[in-house]
Amino acid sequence: MLPTILDLLSLRAAYRSGLTPLDIVEEVIARRAASEDPAIFITPVPDDELRSAAKALMARAPQANSLPLWGVPFAVKDNIDAAGLPTTAACPAYEYRPDVDSTVVARLKAAGAIVIGKTNLDQFATGLNGTRSPYGAPRSVFDKAYISGGSSSGSAVTVASGLAAFALGTDTAGSGRVPAALNNLVGIKPTPGLLPNTGAIPACRSVDCITIFATTVGDGIAIRKVAEGFDAADSFSRRATPATLPVSGLRIGVLTGAEREFFGDKEVEALYDQAIERARALGATIVAFDYAPFREAAALLYDGPWVAERLAAVEDFLATNAADFDPTVRGIIEGARGKSAVDAFNGRYRLEELRRKTEAEWEKADVLLLPTAPTTYTVADMQADPVVLNGRLGRYTNFVNLLDCAAIAVPAGFGKGGLPGGVTVIAPAFTDDALAPLADALHRAAASGMGIDRQAAIPEASRVAAVDDGFVEIVVVGAHLTGMPLNHELTGVGARLVKTCSTSGEYRLFVLPDTVPPKPGLIREPGHKGAGLEVEVWALPADAFGRFVQKIPAPLGIGKVVLDDGTSVSGFLCEAHAVNGAEDITSLGGWRSYISARLAS
C-alpha cells in the first residue's frame with residue numbers, strides 16, 4: 001500500500017518489496033482518475049502510453065532501483081518540452097509538438113523517471129496565482145476556493161495531491177516557490193543557470209530557472225543533482241562553483257519594522273515568527289537586515305525594463321495572435337512596448353546600484369529567511385483584482401533571480417483557518433547545497449507533514465546532513481574575547497564569532513600572574529557548583545587552527561570545555577599548578593567583568 005504522498009524513499013521501498021513501475025503507473029492512473037481537480041493537467045500522458053513507458057523502463061533496466069530515479073513518476077510544467085507531448089504554455093494557439101525532450105527532462109528520464117503529463121500554468125508563465133489559463137485554475141489542495149499559486153500551478157498540485165513524486169516548474173519571479181508555500185511543499189529554486197533551460201519557453205530568458213517541487217528537501221536536492229549540469233546549447237547555462245555557508249554561527253537575516261508586510265494576514269505573519277524561532281532553536285543567530293534594497297530590486301522585474309524580455313519571448317506570436325492571450329497576461333506583456341533601449345540600460349544601472357546596497361546587508365547575514373508569500377487569496381478575489389493581488393504574492397520572491405541567488409522554499413505550518421504558509425531560505429549564488437541542511441531542518445521542525453497529508457512523517461533517511469565548511473570551533477575566555485587585545489589573532493585569520501555563552505558550573509577562573517597582556521587561567525574543578533563563566537565560541541578556518549594553537553604559550557593549552565548546553569568544544573584551559581596562589585575571580589562571572597572592575601578601580 002503506497003502512502004498518500006509519494007516520495008523517493010517510499011517508492012524505493014515499494015520496489016524492494018516486489019512492486020514494479022507498471023504497478024506504480026497503475027496507481028497513478030487510478031489516482032489521476034479519482035482527482036477532483038480538472039485543471040491540473042493540460043495534457044496527461046494517456047493511460048496506455050504510461051503503461052508502455054513503464055514496460056520500456058523495465059526492459060532497459062530490469063533490476064529494481066538500478067537507476068537513481070527508477071520508476072519515479074513526475075510531471076512537467078507545460079512550458080518545458082517533453083518529446084511527443086504538446087507544449088502550449090497555456091495558450092492553445094501556441095501549441096507545438098517537440099520531437100526531443102528538454103535537456104532537464106531528458107536527464108530525468110535517463111535516470112529512470114517516468115513523465116505522467118504536462119501541467120497547467122499561468123499563461124506564458126506570467127503570474128504567481130494560477131488563475132490565468134484557458135484550461136482552468138488549479139486549486140489549493142486544502143481549500144478549493146483558494147488559489148494554488150502560480151505560475152507553476154498544476155505542477156505543485158500534482159505533487160501535493162499525491163499524483164507524482166516530484167514535478168518540474170519554472171521560476172522567474174517566484175513561480176517555483178509560491179505554489180510550494182500554498183500547497184505545503186518544498187520548492188527548489190536553483191541558482192540561475194545551474195539547471196539548463198534548453199527546451200523551455202522563456203519568460204525572462206536572462207533570469208529564468210527550471211525548478212523542482214518535491215515532498216522533502218532531500219528529495220528535491222537529489223533530483224536537482226540529476227538534472228543540473230552545464231549545457232552549451234543554453235547561452236545562460238553556467239558551470240557550478242559551489243559556495244559554502246557557516247555550519248556553526250550561521251547568521252540569519254529576518255524582516256523587521258516597516259518591511260514586515262503581510263497585507264493584514266496575521267496567520268501567515270505568525271507562521272513566519274514561528275519559523276524564526278525554529279531557526280534560533282537550531283542554533284542560528286537571528287539578525288535584522290534592511291529589506292528595502294531587495295524590495296526595490298524586486299520592483300524592477302515588472303515595473304522596470306525586464307518586462308520587455310517577456311515581449312521578446314513571444315513578440316512574433318503576439319503580433320498575429322493577440323486575441324489568443326489571457327487579457328491580464330496580454331496587458332502585462334504589451335506594457336513593454338513603451339520601453340526603450342535607454343530604459344533597459346537605466347534599469348540595468350539601477351539594478352547594479354541596488355546590488356551594491358544589498359552587499360552591505362549580506363555583510364550582516366549569511367542567509368535570509370523570508371515569507372514565501374505574505375498571504376493568499378480566493379480564486380474569486382484574484383480574478384476580481386488580478387494585477388494588484390498577484391503583485392502582493394511576489395513581494396518577497398521577485399528579487400531573487402535578478403540578484404543571482406539560490407533559494408529553497410519550505411513549509412512553515414498551518415494557520416487556524418487550515419491553510420498553509422511557507423518560508424524561503426535565500427543565499428548568494430551557488431550556495432544551493434549549503435542551504436539544504438537548514439531548509440531541511442526548518443521543514444522537519446515545522447511538523448506540517450508533506451503536501452495534503454498534514455500528518456505524514458518526513459523520512460529520517462532523507463535528512464540532509466550539514467556540509468563541512470572547513471572551520472573548527474574554539475572556546476576563548478580571556479585576551480582573545482571580542483574587543484580584547486589578542487582578538488586580532490582570530491579576526492586576522494578569518495575566524496568568525498559563533499556565539500557568546502557560558503561554561504558549565506564546574507569551572508573556576510584565575511588571574512595568571514606576570515602575563516602581558518593580562519590573561520586568565522580556566523580550570524575545571526569537578527564538583528564545583530558555580531553559575532558558569534562567560535566565554536565566546538569562535539570558528540577558525542581549519543588550516544589556521546593549527547597555527548593558532550601552536551602560538552599558545554604555557555601554562556595555557558587546548559582541551560575540551562563543557563558549555564552550559566552540555567556540549568564540549570575545544571578551548572583554552574590552564575595547567576592547575578599555574579594558579580597556585582593566583583587571584584580567584586570566578587565570582588565575577590568572566591574575564592570581561594574582571595577587566596571592567598579593574599579599570600573602574
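L8 is found in helix α1 (residues 8–16), where helices (H or I, at least four residues) and strands (E, at least two) are DSSP runs numbered from the N terminus. The model is a predicted one, in which local features need pLDDT of at least 70 and side-chain atom pairs count only at pLDDT 80 or more, while totals for chains, interfaces and linings use all residues. Residues are numbered from 1 along each chain as its sequence is written, and side-chain values use heavy atoms, with hydrogens and water left out. The protein chain has 19 helices and 19 strands.

**Surroundings of L8**

- L8 is buried, with a relative accessible area of 2%; buried means under 20% relative accessible area, exposed over 50%, and partly exposed in between (1.4 Å probe, protein chains only).
- Leaving aside neighbours within four places in sequence, L8 is in contact with L69, V72, D219, A222 and I223, contact being heavy atoms within 4.5 Å.
- The C-alpha atoms of L8 and W70 are 9.5 Å apart in space, and the two residues are 62 apart in sequence.

**Overall dimensions and surface**

- The C-alpha trace of the protein chain spans about 90 × 60 × 50 Å along its principal axes.
- The protein chain has an accessible surface of about 23,100 Å², and 53% of this belongs to carbon and sulfur atoms.
- Accessible areas come from the Shrake-Rupley method with a 1.4 Å probe; for residues, only the protein chains shown count as cover.
- Of the 601 residues in the protein chain, 58% are buried.
- Among contacts in the protein chain with a separation of 6 or more, 76% join residues 24 or more positions apart.

**Nonpolar cores**

- The largest nonpolar core has 119 residues, and those with the most contacts inside it are L108, L168, I252, L369, L370, F399 and I408.
- Strand β10 (residues 405–414) gives the largest share of this core, seven residues.
- Apart from this core lies another, of 40 residues, among them V475, V477, V561 and I595.
- A nonpolar core is a set of buried Ala, Val, Leu, Ile, Met, Phe, Trp, Tyr and Cys residues joined through side-chain atoms within 4.5 Å.
- Not counting residues up to four places away in sequence, L168 touches a set of residues including F74, V76, I80, V104, L108, I210 and I212.

**The β17–β18 hairpin**

- β17 and β18 pair in the antiparallel sense over seven bridges; two strands pair if DSSP finds at least two bridges between them.
- These strands form a hairpin with five residues between them, and G566 in the turn has a positive phi of about 90°.
- L556 stands opposite C574 in β18.
- β18 is mostly covered, with five of its seven residues buried.

**Salt bridges**

- The count comes to 32 salt bridges, each being a side-chain nitrogen of Lys or Arg within 4 Å of a carboxyl oxygen of Asp or Glu.
- D48 and R51 meet in a salt bridge through their side chains (2.8 Å, N to O).
- D48 and R51 are three residues apart in helix α3 (residues 47–60), and therefore separated by about one helical turn.
- D48 is exposed at a relative accessible area of 55%, whereas R51 is partly exposed at 22%.
- R295 forms a salt bridge with E259, with the closest N and O atoms 2.8 Å apart.
- R295 lies in helix α9 (residues 292–303) and E259 in the loop between β7 (251–254) and α8 (266–281), so the pair ties together parts that are 36 residues apart in sequence.
- R295 is partly exposed at 30% relative accessibility, whereas E259 is buried at 12%.
- K499 forms a salt bridge with D565, and the closest N and O atoms are 3.4 Å apart.
- K499 lies in strand β13 (residues 496–502) and D565 in the loop between β17 (556–562) and β18 (568–574), so the pair ties together parts that are 66 residues apart in sequence.
- K499 is partly exposed at 31% relative accessible area, and D565 is partly exposed at 45%.
- A network of salt bridges links R224, K225, E228 and D433.
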